[in-house]
Each structure stands twice: as C-alpha cells, then as structure tokens.
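Please read the following explanation alongside the sequence and the 3D structure.

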Amino acid sequence: MPSVRGVALRSEIPSISRVVTREDVKAYADAGGDQNPLHQDEAAARAAGFPGIIAHGMFTMGHLAACVSRWAGGPERIVRLTAQFRAPVYMGEVIVAGGRVKDVDGERAVALVECWVSVERDGKTHWPIKRGEAEVLLDS
C-alpha cells in the first residue's frame, strides 16, 4: 500500500467505542444548552416515535471527533470534519467510531479520512453517522 508522509492510503484509523449513558447525554445537554425533551424525557421521546431517549447527533459527532483527534495527534490537527446524521442512538448502546484514509496530499501535508459511527442493533449494523469526512494535518 503506498504511503505519503508515513500515512498509508486505505489504511484504517483505530476505532474507539463507548457506551452511551443517560448521564453523559444529560451532561452534554447541560454543556451545550440543548435541553430538547427528546434527549431527556422518556415520554416526549416516545411521543415523537422513538422507543426512548435519544442522544444528540452532535454528541455522536463528538465521539467521532475524539476518534479522529486521537489518530491525528490532537484536535488542533483537524482542519475540517463533516458528517451526515443517519440514525438515532439510544441509551445503553455502544457506538463505534472509525475511519479510513481516503487520500493524502503530500504537498499540503493533509490526509483526507472517510469516517463514520456505527451501532449494532437488532442484529444489524446501523450508521448514526455515515459519509463523514475529516481533513487532517500531517507531520511536515
């Protein structure tokens, strides 16, 4: 596999996982100011058609950012991070963030990483974040 500046094209970045807890989602709501009842109130979430409280999409994206940041060597190395939110995340689920090096621009010292967050539910893989992309600064 060819590499540029020590980063191999199509190489996987190490995935990280975490259990989504109600305490973490509450702390995120308090820190971010998003007190939407879908993220805190079982009855409100059920009335909206969910089986229970759901995590914020940006909470899930924060997990993705942590994964990319760990691989990149710190958050200051992430130039850009985008995502498509595709599925809800429920309390008690294990979310797994990962990615793969899609391209490396040796001249600009930047790697382009396709990234995602998955969750196993009912024997199937769901993609709370799909088609994410990170632009990451490489060592000079």
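This is a predicted model: local features need pLDDT of at least 70, side-chain atom pairs count only at pLDDT 80 or more; totals for chains, interfaces and linings use all residues.

Residues are numbered from 1 along each chain as its sequence is written, and side-chain values use heavy atoms, with hydrogens and water left out.

Five strands form an open sheet in the order E3-E5-E6-E7-E4, with antiparallel pairing. Helices (H or I, at least four residues) and strands (E, at least two) are DSSP runs numbered from the N terminus, and two strands pair if DSSP finds at least two bridges between them. Strand E3 (12-19) and strand E4 (78-85) stand at the edges with a single partner strand each, so one side of each is left without a neighbour in the sheet. From one strand to the next, the twist averages 20 degrees. Axes here are lines fitted to C-alpha atoms, for helices over the stretch in contact, and angles run from 0 to 180 degrees between N-to-C directions.

Glu12 has Arg100 in E5 as its bridge partner. Helix H3 (residues 57-72) packs on the sheet and touches E3, E4, E5, strand E6 (110-121) and strand E7 (124-137). The direction of H3 makes about 140 degrees with that of E3. Contact means heavy atoms within 4.5 Å.

E6 and E7 pair in the antiparallel sense over 10 bridges, and the bridge partner of Val110 in E7 is Leu137. The hairpin of E6 and E7 has two residues between the strands, and in this hairpin Asp122 takes a positive phi near 55 degrees. E7 also pairs with E4, in the antiparallel sense and over six bridges. Arg80 has Glu135 in E7 as its bridge partner.

The next topic is the nonpolar cores. A nonpolar core is a set of buried Ala, Val, Leu, Ile, Met, Phe, Trp, Tyr and Cys residues joined through side-chain atoms within 4.5 Å. Buried means under 20% relative accessible area, exposed over 50%, and partly exposed in between (1.4 Å probe, protein chains only). The largest nonpolar core has 22 residues, of which Val20, Leu64 and Val68 touch the most other members. E3, H3, E5, E6 and E7 are the elements that give two or more residues to this core, and the largest share, six residues, comes from H3. Which residues does Val68 contact, leaving aside its neighbours within four places in sequence? They are Ile13, Ile78, Cys115, Ala134 and Val136. A second, separate core of seven residues includes Leu9, Val101, Val104 and Ala111.

Charged side chains come next. The structure holds 12 salt bridges, a salt bridge being a side-chain nitrogen of Lys or Arg within 4 Å of a carboxyl oxygen of Asp or Glu. One of them joins Arg18 and Asp24, with the closest N and O atoms 2.8 Å apart. Arg18 counts as partly exposed at 31% relative accessibility, as does Asp24 at 26%. Another salt bridge joins the side chains of Arg80 and Glu133 (3.1 Å, N to O). Arg80 lies in strand E4 and Glu133 in strand E7, so this pair ties together parts that are 53 residues apart in sequence. Arg80 is partly exposed, at 31% relative accessibility. Arg108 forms a salt bridge with Asp105, the closest N and O atoms being 3.8 Å apart, and Asp105 is partly exposed at 27% relative accessibility. Salt bridges that share partners join Arg80, Lys102, Asp105, Arg108, Glu133 and Glu135 into one network.

Two single residues remain. Ser69 lies in helix H3 and is buried, with a relative accessible area of 12%. Not counting residues up to four places away in sequence, Ser69 touches Gly74, Pro75 and Ile78. Between Ser69 and Ala134 there are 9.8 Å in space, C-alpha to C-alpha, and the two are 65 residues apart in sequence. Arg77 is found in the loop between H3 and E4. Is Arg77 buried or exposed? Arg77 is buried, with a relative accessible area of 17%. With residues up to four places away in sequence not counted, Arg77 touches Ala72, Glu135, Val136, Leu137, Leu138 and Asp139.
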